[in-house]
Amino acid sequence: MATLPRTRPRNRRLVWRNTVAGWSFILPNFIGFAVLTLLPVAVLFYVAFTSWNVFGVAEWTGTANFQRMWGDASFWTALRNTVYYTAFHIPLTLAAALGLALLLNRKLRGVRFFRTVAFFPYVTSIVAIAIVWNQLFSPEYGPINALLRAVGVDDPPGWTTSSTWSMPAVIIVGTWRYMGYYMLLFLAGLQTIPAQLYEAAQTDGASAWQRFVHVTIPGLRHTTFFVTVLLTIESFKVFDLILLMTGGGPGQSTLVLSQYIYQKGFEENQFGYASAVSIVLFAICFGITVIQFMVNKRGNS
Amino acid sequence: MKRAIPAVISAAAALTLVLAGCGGGDEPVDPNAPVTITLAGWSLASTPEFKTLADGFKATHPNVTVELKEYAPGNDYDTQMITDLAAGTAPDVYVMKNLRNFYTYQSGGQLLDVSDVTSGLGSVPALASYQVDGKAYAVPYRQDSWVLFYNKDLFAKAKVTPPDGSWTWDDYTDATKRLHTGLKGVGSKATGAYQHTFQSTVQGFALAQTPGADLLSGDFGYLKPYYERSLDLQAAGAQPTFGTAKTNKLTYQAQFGKQQAALLPMGTWYVATLLNQQKSGDADKFPWGIAPAPQFDKSTTGTSATPVTFGDPTGLGINPKISKSKTAAAKAFLQYAAGPDAGKALAGIGITPAQVTDAVTATLFGLDGVPQDELSKFAYTKHTIKPENPVSKHTAGLQNLLNETHSTILSNSKGVDAALAEAQTRAKNEVLNQ
């Protein structure tokens, strides 16, 4: 009992010292994050309820921006297109990345070379990708349609110049660009599955398909979850690829939410409305990620 | 001694008052004191007009130095300028590339009233575009207009009569098709015309020339015949399709400069570019000419009539945050830039100034490589220029929407009627109700 008053101050000093040390470690990064990300995000939540047009004072307009969004056909078009992109981009990239990872997880001659090749699109400049793919997709002179004509397709699609085919074209390029990156994550995941499990399964007479379904898939569960979360967020905020490839066109056929935000904000200076749309995009990403975490948690238990 | 103290105090007080008076700014600024004003420009290395203006002004106002501040080219210019104005770090004098964003700047309180400058300018045609409630907020220093560039060699090769100033758009469509057939017949790969992907190439002419057309009315029926002719030319193969131009990132400079197309509707700014590229070898050397833009109907064709075309003026405005001691110098600079002396200096580098006088025409047509025929001179000097962007709160929104309509129609994603009907609905529900 008598020692208690003496240890308390020392304890407090220790806690204080640890706190200071902790803060000093994260401070350099945190200052940058706070100034460049946290503060603007906080301001965004305020601006979304105003009619701010970049100059002058932001006038409080309550939920007017959200009411406007409800009746704004272009917003719904952008949302529909974003969901369209996401719905195809996630499964396709997931499958392509997993397929590549399985293929390149073997002891092949030159496997490192092929892994590098698969990763290449991810480190290539997005501007170069957009320009080259656009030329490949060129309806009249592009090699893709030349190939399609050669194999007997009489009326090949117009790709980025047709409102029906522009979204598939963008999805193809998006998948091609990102599959290398997620392949790398899957490769890392595959390395963690103990070889004994495969040996045991083989001894039990399991076929290659059975081994894939009962050993590989469960073994990759955490990686798959991680990849899905990343892919979802990445798909919902897709911007640069579409802006460079189609500019949202033809018409509004590839207009996605982030581009709509850009258009309203930086082209038409309606920063209040653009912020409101950003909040909706944020809410969608946040909501879906929470659901994914909940599903994953249930799977764990 | 005792009496000296109050005397010292009152002397000090008097001195303080005098000194304070100096800083008060009520005193007239010495017009010959050295002043530096800053001016925004873009791509300074390849865009000599800003330096031409700065140097020309220095010649008559030796005490004023105009310092250039470089901004991003293209659409990024406005984004960057708006940011800097909002942050209070923009230059004293800045350029408005076209009228699309003039409303944003003016209604945002980012332009100083310069009515006293414009009252001394006389009749510069584009002045009216910058007036709001009887006050002027900027002055024009350039006024480009859209004309028709044509390649005389390709016309001769295809055995088609070159333009003579009498063309309507139907004549243009017809000639383009005949060029296409003629050029194909002699084994040339060049197309009849090249229509660049800009929405202006269709919508600018339609808005300027169609009687009663009004962008802000939200009724876009006036665009229909113009789009039908473009689609007709695309389908006939007489000009590269919109899709090809987009996916292959065709440039009008290469299409016309490398003789891939015989006709090119384009703004007069291309004169300077073409001259430079022919000199540097980026463009072939061939005889070319300019003709008036094809017209809506026969009432404005022929060299005795005045053809109607479009083009936004390029203007200069003053940042209201400019310090008081520099305002007079900045206003004098605006007066110079919109006046006849700057006009001649700009014409000397191939640029069309705000006011085309005989001296300007003589200077421009005296440049090496500029066509010397009468029709080119007529096309350059005589026309009614209507603004592409009427000044309004809704302009940017409507133009963005119509840009989407432009790609919908020219990519054949929707029929002209359906696409225009959709544009009208969207204009009503998404832009004009704001």
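Visitor: In this predicted model, which element of chain B has the lowest mean pLDDT, and which the highest?

Guide: Confidence is best read element by element. In chain B, helix 1 (residues 4-23) has the lowest mean pLDDT, 48, whereas strand 7 (residues 146-151) has the highest, 96.

Visitor: What does chain B average in pLDDT, and what is the mean for chain A?

Guide: A chain average should be read together with the share of residues that reach a given score. Chain B averages a pLDDT of 88, with 93% of the residues scoring at least 70; for chain A the mean is 88, and 97% of its residues reach 70 or more. Among the elements of chain A, the lowest mean pLDDT, 86, belongs to helix 1 (residues 4-47), and the highest, 94, to helix 3 (residues 73-103). For the complex, the predictor gives an ipTM of 0.80 and a pTM of 0.84.

Visitor: How should I read the pairing of strands, and in which sense do strand 1 and strand 2 of chain B pair?

Guide: A pairing is read from its sense and its bridges, and then from what links the strands. Strand 1 (residues 35-42) and strand 2 (residues 64-71) of chain B pair in the parallel sense over eight bridges, and, to take one residue, B:Ala40 has B:Lys69 in strand 2 as its bridge partner. Together with helix 2 (residues 49-60) of chain B, these two strands make a right-handed β-α-β unit. When you look at any such strand, remember that in a regular strand the side chains alternate between the two faces of the sheet.

Visitor: Into which domains is chain B divided?

Guide: A domain may be built from separate stretches of sequence, and the ranges should be read with that in mind. In chain B, domain 1 takes residues 35-143 + 312-355, and domain 2 takes residues 146-310 + 381-431. The C-alpha centres of these two domains of chain B lie 29 Å apart, and their contact takes 14 residues from domain 1 and 14 residues from domain 2. On the side of domain 1 of chain B that touches domain 2, the residues divide into six nonpolar, six polar and two charged.

Visitor: And how is chain A divided?

Guide: Chain A has domain 1 (1-47) and domain 2 (66-300), and 39 Å separate their centres, taken over C-alpha atoms. An unreviewed UniProt entry places the feature "domain: ABC transmembrane type-1" at residues 79-292 of chain A, and over this range the chain is 74% helix and 0% strand. UniProt also lists residues under "transmembrane region", again in an unreviewed entry, including 83-104 and 165-188 of chain A. In the model, residues 83-104 of chain A are 95% helix, with end C-alpha atoms 31 Å apart, while residues 165-188 of chain A are 96% helix, with end C-alpha atoms 35 Å apart.

Visitor: Where the two chains touch, which helix of chain B gives the most residues?

Guide: An interface is read by counting residues on each side, then by asking which elements supply them. The contact takes 25 residues from chain B and 30 residues from chain A. Helix 3 (76-87), helix 10 (242-247), helix 17 (395-410) and helix 18 (416-431) of chain B each supply at least two residues of the side that touches chain A, and helix 17 of chain B gives the most, with six residues. By class, that side of chain B has three nonpolar, 17 polar and five charged residues.

Definitions and conventions: Residues numbered from 1 in each chain as written. Chains lettered and ligands numbered in written order. Predicted model: local features only at pLDDT ≥ 70, side-chain atom pairs only at ≥ 80, totals over all residues. pLDDT = per-residue confidence, 0-100. Helix = DSSP H or I, 4+ residues; strand = E, 2+ residues; numbered from the N terminus. UniProt positions renumbered as here; feature names shortened; annotations may be inferred. Pairing = 2+ DSSP bridges. Right-handed = clockwise from strand over helix to strand, strands pointing away. Domains from an automatic or database assignment. Contact = placed C-beta atoms within 7 Å. Nonpolar A, V, L, I, M, F, W, Y, C, P; charged D, E, K, R; others polar.
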